[in-house]
Every structure is written in structure tokens, then in C-alpha cells.
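Please open the model in your viewer and keep the sequence panel beside it. The tour below moves from one selection to the next and says what to look for at each stop.

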Amino acid sequence: MIPYRGQWKIVSVGLLSIALGLIGPIPATAQDEEKPYVIKDGVVDWYTFSGFRRYHAECHVCHGPDGLGGSFAPALVESLKTLAYDDFLEVVVNGREKIGASVQSKMPAFGENLNVMCFVDDLYAYLKARSDGALGRGRPKKQPKPQEAKERDDACMG
Amino acid sequence: MRGSLRTSCLVAAALLVPLSASANEGLLVMQENPAEWVMPTGNYANHRYSKLAQINTGNAGQLQVAWTFSTGVLRGHEGGPLIIGDTMYVHAPFPNTVYALDLNNDATIKWKYEPKQDPDTIPVMCCDTVNRGPAYGDGKIFLYQADTTLVALDANTGKVLWKAVNGDPKVGATGTSAPMVVKDKVIVGISGGEFGVRGHLTAYDINTGKQVWRGYSMGPDSDTLMDPKKTTHLGKAVGKDSGTNTWEGDQWKIGGGTTWGWYSYDPELDLIYYGSGNPSTWNPAQRPGDNRWSMAIWARNPDTGMTKWVYQMTPHDEWDYDGINEMILADIPVKGKTRKALVHFDRNGFGYTLDRETGELLVAEKFDPAVNWATHVDMKTGRPQVVSQYSTDQNGEDVNSTGICPAALGSKDQQPAAFSPRTGLFYVPTNHVCMDYEPFRVSYTAGQPYVGATLSMYPAPGGKHMGNFIAWDASKGAIVWSNPELFSVWSGALATAGDVVFYGTLEGYLKAVDASTGRELYSFKTPSGIIGNVTTYMHRGQQYIAVLSGVGGWAGIGLAAGLTEPQAGLGAVGGYAALSNYTALGGQLTVFKLPD
């Protein structure tokens, strides 16, 4: 059985890039932390589209459609204005918990979830584009999937 | 406790044998008393109908709030209170608090039970931390917690009598459904279809909490509790291992088919009925075949769990059309002949009428004209005739199929319909929402979401509204009247002998309408959106209407931030107001009555 959670909790942020190397390479798009997306004439690069797609499978039930927030979890279009890439990664990998009388908020640790971790930089790119106001709501028009993305996905998803 | 006073030494021996039947008979008698509301579904037949007629079409307009009660919890409040004698039992979403309120004493709290549960359970609940309420039987309240613990409480004191664990939240198995007590057993289901949980229905002994049987939705015959020769699908024997032979490899082990809806029971036929949910994952390309027996209606023996018949409504699901909605048992005329019918309004948008004794398919018609994914159901094979354009399987992985109606929410979700024997009509809360659906490859990790599709939802073409509250003729399979609602109607209906039908709306309105025409008689805005089910009872000669407010659930999540603008060409008009402009979180019971 695959170990349930906790595995990443002993991994410090400094080691994350090494640890992530175990399940997949970090795509070049993530290198540009400030502007990790390309949008030309309203058409987004494949990675940003991939982020949109994975977000609406893995994240939106709590964080709301288009990163707008839900009653469960904050609006990431706001959070990403201040949350740096390393901190974003830390929360996605390890999760976060706020439990109180009126708040029962529990972000799960996605560190072992390939459907999230293989696309974590895509998610970051999409949400950054949203929080920068560079990308509106809904499904964006996309560039075709490049061969390197196909190879990346196959290598990472196994 | 029922019966305990008269259980002397002498009669104890005589009671030993029929003891198992006594709890059942207790509920069979109690469900006939309209002063009480003894099970979440109103009665075993899931009618959600009350013989009370004090509130009628002439005076419903004068209803007023009698009293209110806060549950102290803010999440989505599904289900509704039970009324046993002079006590009302009110439940809340996670952490699943239960209050016993003394109706003789201004609803003061007789006892409160709040289980301690691991917060890790919260993120593995797909669609809010809802709970559809406890069940009553044999002097006990049975609470099915989010962490899948089934706990028996003394109905008088709230004392824990026993606990049983029905699943493992660490693999995404959770509890949201209301149990049902049948004879000497408590029947519970399981949630977690979005986590690859293999669904099952399980029976526990009401006295000890010992597991008696478990029937899975898929797997070998020993797991599904099917007899290859005797268990039938549309009159034909299912054959050996029908629960694995329409799957590729071991996918059935994480195959979904969870059982989180409502259960009904026919004491004469001695069968329990329920539905199974979507196959896992939402990406159909990863699970070729019919994926039996996800998406099916089941008839099982309550003592052994053996399956008498099964009917798969949506083979090889490509849209997340869970089959878990309630099965309403009614003896109604169909094509000139009175049938022991089972009526079911499926997520897939078809209203089914079956013979509940044999599982024969009698009627299958769309209960929302927007439904487009299939043209019709072939009455011989029982298979929906899928329209290629809307087939996410035929269109393939990484292709966005657009304009599919209904959306994954279904034309109706779990919010139960009501049946009035007086009008012969079914009153159905419905969704009027369509979607785009793009499936893609996912990998399975235990306890992590296993979805594999991205969706966007929007109102059905041609209108601004996302819900309808309809009256349905199940004999013909036709809509009699339909009231449009701005948002999906996510509240369980109540029909009464006063010919008034009640339901709640996502904006928070409790509405009373004329059962014959749908004409609105009364409307009151409660503090939060209603996804609870309306209940009625009589206390000291006065009829009351009770409903939980507390927006949330799937509808609350999906709609909280507003739906996206529809894609061009779908014909719907833009400018949909967000639900958050109408209501906010809050957990409150509101009780209504006529003026003194």
C-alpha cells in the first residue's frame, strides 16, 4: 500500500526540488516565478491550460470555480498575489489545517498525488495568471500540446 | 424505551423469537402516526407524505415562524429532523452534532451528542461535510458519522450504546447518508466515489453493532451477494461474476458505485431498494466496459443481503450520473394496470417506473426537457441510446465535450422527491443545468481525489433559471406542472393531505405550493440557503413544518462563486447572479405554524 500522507512532512522546503525529482521533472515554465505563463491574443500556453484543467478536477470543489474561493477555502486569485512559489509548493505538498469553533478548514497534503504533483507548476502558472488579472474566468483558449509536455506527462504519471 | 416496562421474566422468553421483528413492527406502526416523523424519508416507501391537513391550500398563506434553533455549525445542512413522541432530533454536518429537543418545554436541549472525529476526514468528503440525518429504531438513535462510525445512542439519554466502523477515511471512505432500520438491522451505505472507494451496503445488528452482511456494488458474486442463476437483470439471470466481467483487470477494486443515497423497504415483498453511484474514475477511457453494477437500482433481502434483482440505468457512465437517488414505492396504475411500482428520478434525467417485485422496466421518460445525452431508453435492453456528440467516451480523452444536459449534478441529485397518494403525483426538486466535460488520464493514490475530468456548468439553453420544481405523473412519464427556480432546487420535498407541497430553495426560501397546480401559497426567507428536507409533525394539536437552512453541499460549492458565462452559441443569456448575493453560510432549523 502506498504510504498515506506524512511522507512529505519530513521534507523541508529546501529539499523539495530534490524530492519532486523523484516523481517528475520541473518544467521550464516554472522557472519564471514572476510570470510563469504565456498569453498571446487571448490564447494561453499548454501548461497554463493544463493548470486550468487540473485545477478544476482537483482543487475547485474547495477553492471554487476559477480560483474564486468557496465557503471551504480561500480565493486563490487573492492568495497568489502574496504567496510565493516556494510557499505555494509547501502548502500543496504538506497541506494546512485551521480547526476552530466556526472554522473547520483542512487542506490535504497532495505530496503523493501524481494528479497534482505532476502538474503543480501548471497549477501555479494558471493561478498566477488568474491572480495577475491576465486571465479571465472560464476555459481558456489554448496552444496545442507540445511534444515535451507529452513526454513530461508520460514520465511523471508512469 | 419501547417495550422495556412490559418485559417481565415470564414474557421474556416468548419475546425472544419475535424480538427481531418487533423493532420493524414498531416502525411499521409508528410511520402511520402523522404526529411523528420517524424516519428521514417519512416512511419505508420514501413517500415524504403526511396525512396532516390542518395546514391546507386555504390557510397556508398565513403560516408564520413558531421558533428557530441554531445548530452551531456553518456547513451544508442536508436531511431534516426526526420527531419521536415529544422529542425532536436535530443533526448537523461535521462534526455531526445531534440534539434531542424537548417539544414540551420550548425545545430545550434534553441531550447533545458531539463525536470527536479526525479532521483528516474533512478533505476526503467530495462535496461538503454534509450528513443526511440519523435514524430511529428500538429506542435508539443511529448516527452515521463522517468518519464512517455508526453509533447507537439511547434515544432518551444520548448515552452511547455501541459503535461500529463501516469504512476507512484514509482511503477516502466517508459517511454522509442516513441509515435505515429494518427489523433488527441498521442499513448503512458508503461515500467516496471520487476517491475510488468500492461501494457497499452493510447491515449491522441493532442490539450489538455486529456486522451481519455486506453487499458490494462490484466484485465476485461472494462480494456482490448475487446468485448467478436467481439474481436477475430485466428478467434474465445475471450469470457468474457479473460484478467483475464488465471490467478490465482489477479496476473494479477501485470501481466506485458508492451507496450514499436513500433506502426504501417493502415489508410485504421483504426487499430493500437503493441505488449505486458512479464508477471511478470520471474518465471513461480508463475503465472500458459496462462497469457493472455501478449506476444501478438494487433490490436486496434485508436479512441476508442477497440480491433479488438489479437494473443498470447508465452502463459505462461518461458523465457522473450517480444512480443513488431515492426509490419511491407506490402502487400506481401503469398502462391501465395497477402495479407495485418503484419510481426513481435519476441523475441522468430519466424518470423510471419499474415493477418492484420483478425489476421489470415499465416507463423511462425524461423529466427535464433539456436532457440531451440520450434520445431515449430502449425498453427491451434497458439501455439509454447515447447521442455521440455528447459521449465523452466516444469523443475521447483530452477532448472537451460541450453542451451536455444534464450536468454532473444531474437533473436531480439526492434531494428526495415526495409522493401524494391523494393526487397520485410525484413532486420533484430538479436541476436545470448543463455542462462541458473533458476527461483526462488520472493516476490512483489511496485517499486522494480520483476524478479525471474537468467540468464547467451553466444554465440549460434558453433560460436564466437553473432549477425547476415539478409535479410528475409516473404512470405516463410526463410533467404535470413545472415551477422555474433561479437556482437548482436542492431541498427535499414534502407533500401533505392538506394538498400543500413544501420545498426550500438555495436562496433560503421555504415555499408552500398548491399540489394540484403548483401555485405559490407561501414563501419565507430563512437565514441561509436550504438544502435540507422539509418535515411536518403535530404537537399538542398543532401542525408544524420544520426545515434546516444551511447552504452548501455540491450545489453550494459549485454555485457559490457563480457559474461561468455560458459558451457562445448555447443560447443562454449572460449575467447570472451569484448565489453569494442571496445568502451566506448558517445552520438553523426554522419551524412554522398557523397563527393561534
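This is a predicted model: local features need pLDDT of at least 70, side-chain atom pairs count only at pLDDT 80 or more; totals for chains, interfaces and linings use all residues.

Residues are numbered from 1 along each chain as its sequence is written, chains are lettered from A and ligands numbered from 1 in the order in which they are written, and side-chain values use heavy atoms, with hydrogens and water left out.

**The interface**

Select chain A and chain B together, and colour the residues in contact, where contact means heavy atoms within 4.5 Å; 37 residues come from chain B and 37 residues from chain A. The area buried between the two chains is about 3,300 Å², with 54% of it given by carbon and sulfur atoms; buried area here is the accessible area (1.4 Å probe) that two parts lose on being put together, summed over both.

Next, look for salt bridges, each a side-chain nitrogen of Lys or Arg within 4 Å of a carboxyl oxygen of Asp or Glu. The structure holds 38 of these salt bridges over all chains, and five are found across the interface of chain B and chain A. Select B:Glu438 and A:Arg139, whose closest N and O atoms are 2.5 Å apart in a salt bridge. This pair crosses between chains, since B:Glu438 belongs to strand E30 (residues 433-439) of chain B and A:Arg139 to the loop between helix H7 (120-131) and E5 of chain A; helices (H or I, at least four residues) and strands (E, at least two) are DSSP runs, numbered from the N terminus. Then select A:Asp154 and B:Arg441, which form a salt bridge with their closest N and O atoms 3.8 Å apart.

Staying on chain B, select strand E31 (453-459) and helix H5 (553-560), each of which supplies at least two residues of the side that touches chain A.

**A sheet in chain B**

Which order do the strands of the open sheet of four take? In chain B the order is E7-E8-E9-E10, with antiparallel pairing, and two strands count as paired if DSSP finds at least two bridges between them. Strand E7 (135-137) and strand E10 (160-165) are the edge strands, each pairing on one side only. E7(B) is joined by three bridges to strand E8 (residues 140-144) of chain B, and the two run antiparallel; zoom in on B:Tyr136 to find B:Ile141 of E8(B) opposite.

**A sheet in chain A**

Now select the three strands of chain A that form an open sheet in the order E1-E2-E5, with mixed pairing. The edge strands are strand E1 (39-40) and strand E5 (141-142) of chain A. Two bridges join E1(A) to strand E2 (residues 43-44), these strands running antiparallel, and A:Lys40 stands opposite A:Val43 in E2(A).

**Backbone stops in chain B**

Most residues other than glycine have a negative phi, and most peptide bonds are trans. Select B:Ser280 and B:Thr281, where the joining peptide bond is cis, with omega near 0°; B:Thr281 lies in the loop between strand E18 (271-275) and strand E19 (296-300) of chain B. A cis peptide bond also joins B:Arg292 and B:Trp293, with omega about 0°, and B:Trp293 is placed in the loop between E18 and E19 of chain B.

Finish at B:Arg48, in the loop between helix H2 (19-30) and strand E1 (49-50) of chain B, where phi is near 50°, a positive value in a residue other than glycine.
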